[in-house]
Number of protein chains: 2
Amino acid sequence: MVAVGTQCQAELIAVGSEILLGQINNSHAQVISAELAKYGLYVYHHGAVGDNEQRIRRAFETASQRSNVVIVTGGLGPTADDLTKEALASFLDRKLVLSEEALHHLMQYFAGRQRQMPEENRKQAYCIEGGELIPNENGTAPGQYIFDRNVHFFLLPGPPLEMRPMLRNYVLPRLIEVFGGQQALISRVLHFCGIGESDVDEQIQDLTAGQNPTVAPLAGEGEMLLRITATADSESSARAKIAPVEEELRRRFGSYLYGVDDDTLPSVVGRRLAERQHTLSVAESCTGGLLASMLTDVPGSSAYFMGGVVAYDNRIKESLLDVPSDVLATEGAVSEATARALAEGVRRRLSTTYGIGVTGIAGPGGGTPEKPVGLVYVAVADGRQTQVYRLQYRVSRAQVRLRTCKQALWRLLGIME
Amino acid sequence: MVAVGTQCQAELIAVGSEILLGQINNSHAQVISAELAKYGLYVYHHGAVGDNEQRIRRAFETASQRSNVVIVTGGLGPTADDLTKEALASFLDRKLVLSEEALHHLMQYFAGRQRQMPEENRKQAYCIEGGELIPNENGTAPGQYIFDRNVHFFLLPGPPLEMRPMLRNYVLPRLIEVFGGQQALISRVLHFCGIGESDVDEQIQDLTAGQNPTVAPLAGEGEMLLRITATADSESSARAKIAPVEEELRRRFGSYLYGVDDDTLPSVVGRRLAERQHTLSVAESCTGGLLASMLTDVPGSSAYFMGGVVAYDNRIKESLLDVPSDVLATEGAVSEATARALAEGVRRRLSTTYGIGVTGIAGPGGGTPEKPVGLVYVAVADGRQTQVYRLQYRVSRAQVRLRTCKQALWRLLGIME
């Protein structure tokens with residue numbers, strides 16, 4: 001084992017030619033890094049290398065010179081292209097030996113699926129001599145752990161549903177055991193809507209200059225995120241460092257803040273509606289169902305979201321939502337009056353506390369000099385009054401749609417205050 | 001310049017501590033790899049390193065020993081944390097010199113936004129002596145190119161909207177110029193629906209054994225993708241190698257094939273509806289607007305998609321879609337009869353050629369022993385008849401929703417045959 005107090009210096013290596021060909025994204029790097037960061041376990045390098053034994057072996061050589069933890073994903077499958085185990089055994093000058101335990105797991109795995117184990121899968125029962133098996137409950141390839149050359153090597157399979165539980169159940173506990181008592185690294189994310197990133201940036205330069213906690217803006221589509229990150233001896237001390245900075249940000253931008261950490265606009269809207277036993281319906285033109293879809297993405301949304309109408313065609317605006325035909329004729333489908341009629345119409349027809357109406361030109365076609373692409377009207381009706389907001393975007397179709405939905409939810413939160 | 005016939009051996013390095021903390025995904029690696037692969041330019045290593053001058057420098061050292069092209073993303077910003085240029089200058093033992101051209105670009109950039117250039121941005125006008133500027137039309141940081149130690153170094157900014165045009169307009173043409181005459185690597189992706197990956201796998205083992213072209217299954221949510229990849233002297237020869245394999249796959253699985261390359265189920269459905277001047281409407285319960293949203297994601301969809309009703313609440317199924325109350329009472333909201341009534345109701349109310357009805361239990365709550373989570377009915381009505389399909393999923397809420405939408409579109413394609 002490494003000396004007490006040694007810092008974790010982890011390195012992640014993904015194995016697979018499909019990654020280097022750009023056919024798949026190496027999402028493991030982010031997932032593993034984020035999990036380790038939660039425990040103050042630092043990752044200093046990410047790498048990816050193809051299905052080539054020599055190059056994999058060299059990646060291990062380089063890694064073992066600069067890192068004391070090497071977590072490898074991929075290349076544990078049954079085919080001749082799967083070479084991770086072989087490359088590590090060769091680098092460490094160790095044999096691969098048949099593990100009865102691994103063979104038993106494989107047999108059971110296939111028996112549970114009413115299949116005979118294909119002969120090629122036998123390869124997966126071989127383990128690096130002197131290493132440990134990492135159980136894989138969701139697939140055939142067992143993982144491997146070995147401590148050698150002062151490096152903790154973890155080999156994990158590539159499929160995310162297999163890799164992730166093995167990371168949480170085996171790798172993290174082992175690392176915490178080895179490097180325990182490290183500093184905790186805690187982040188808190190504040191979510192804002194209705195204010196631009198550049199406006200915020202200019203007003204937080206005193207805070208972003210700090211080192212612990214750090215304050216960093218994160219890119220968000222149609223919203224603005226600030227991440228506060230602190231390190232300390234313990235989680236509670238890290239949180240205590242975050243608190244005054246969060247308070248200061250709330251003091252400066254509180255009226256734009258809608259949530260923290262994993263909150264989303266649909267989840268916050270949903271929580272507030274549910275608490276008050278209020279209900280919502282939506283009438284969408286340019287967002288074409290996206291707003292309803294975002295709301296119903298949230299489990300349990302049937303408690304407060306009654307439904308919606310996607311009124312792409314004008315006749316549907318009339319027949320299902322009672323938008324007056326003269327409003328459509330004189331003001332047009334993309335107008336303040338139509339947005340208002342959509343919100344009021346859906347609210348009345350679906351008998352809900354609130355109704356949202358959205359109409360606009362998402363593009364790329366359909367714009368005119370008077371009503372350019374990106375022009376959107378959002379209306380929120382609560383039975384007493386209807387607020388209508390005019391928005392003008394200069395972004396892609398997908399972005400217009402998404403930003404419009406977020407604006408609509410943000411405006412609803414404002415009305416519900 | 002490298003010798004004629006030298007192979008491109010590229011390496012990608014992403015710079016940024018936020019990548020190593022798992023706060024963002026290094027999506028550049030995939031994008032750049034895929035672009036290079038199109039031209040037979042091979043990438044052998046991906047790496048990521050934090051905002052630390054010494055570690056960035058060492059990454060350049062390692063890379064220059066094994067690669068002849070190094071493409072670096074990130075670390076070109078105006079702050080003290082942005083160190084990519086400094087690290088490369090130090091590694092190459094070159095000075096950073098003020099570029100009047102870069103300074104002019106910066107001034108213009110800010111002037112175009114009615115702002116004075118902040119003093120800290122002046123840092124971005126410094127370039128590695130002897131290098132070339134790579135113009136950045138979408139941001140402040142110019143890129144840099146320098147050929148030294150027999151390595152082509154490209155430094156690109158981190159924001160994707162800035163990086164990607166610079167990759168296409170400068171890096172790729174330069175690499176093709178240097179390594180021109182390489183083999184073309186061409187891929188063709190076939191999209192299938194209605195057939196499981198394991199069923200396909202078993203029937204294509206003769207094809208996946210080939211080396212050129214290769215055939216590889218790709219993971220798809222609710223659909224199945226096969227990628228055929230060939231290398232040859234020219235794009236047309238590569239395509240000629242792909243053609244017979246594609247033909248054979250069409251012969252075996254043609255009835256499940258719905259599209260190729262960038263096709264999606266909503267785009268294929270849309271194209272077919274538009275060609276025939278037919279129209280579509282949808283009535284959604286468990287998918288909550290996702291189906292409408294997927295359809296309207298396609299530019300120009302207003303030509304054939306009239307609209308939809310998201311009938312989360314049963315009263316809306318009755319009031320807007322004429323689902324008989326006794327069907328809801330006796331059969332329940334999740335039933336074949338309700339799916340049928342939804343499809344027929346929305347088709348009639350919205351006067352469209354086709355109507356789709358979807359009802360089910362997306363979970364995680366709401367299941368019973370008779371109607372478990374993941375039970376879904378999809379109905380397609382065309383005025384003469386209504387087909388109803390019963391589906392049973394054992395996946396997450398988000399997956400149930402997405403797979404249901406794809407099944408619905410796939411079934412519609414079948415009816416339209």
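Mentor: Domain bounds come from an automatic or database domain assignment. For chain A, that assignment gives domain 1 (9–179), domain 2 (184–260) and domain 3 (265–416). The model is predicted, so local features need pLDDT of at least 70 and side-chain atom pairs count only at pLDDT 80 or more, whereas totals for chains, interfaces and linings use all residues. Residues are numbered from 1 along each chain as its sequence is written, chains are lettered from A and ligands numbered from 1 in the order in which they are written, and side-chain values use heavy atoms, with hydrogens and water left out.

Let us consider domains 2 and 3 of chain A. Their centres, taken over C-alpha atoms, are separated by 31 Å. Eight residues of domain 2 are in contact (heavy atoms within 4.5 Å) with nine residues of domain 3. The size of an interface is often given as the accessible area lost when the parts come together. Here the two domains bury about 810 Å² between them (accessible area, 1.4 Å probe, lost on being put together and summed over both), 62% of it on carbon and sulfur atoms. On the side of domain 2, A:C193, A:E221 and A:Y258 lose the most area to domain 3, together 70% of what that side buries.

Charged groups also meet here. Two salt bridges (a side-chain nitrogen of Lys or Arg within 4 Å of a carboxyl oxygen of Asp or Glu) are counted between domain 2 and domain 3 of chain A. A:E223 forms a salt bridge with A:K406, the closest N and O atoms being 2.6 Å apart.
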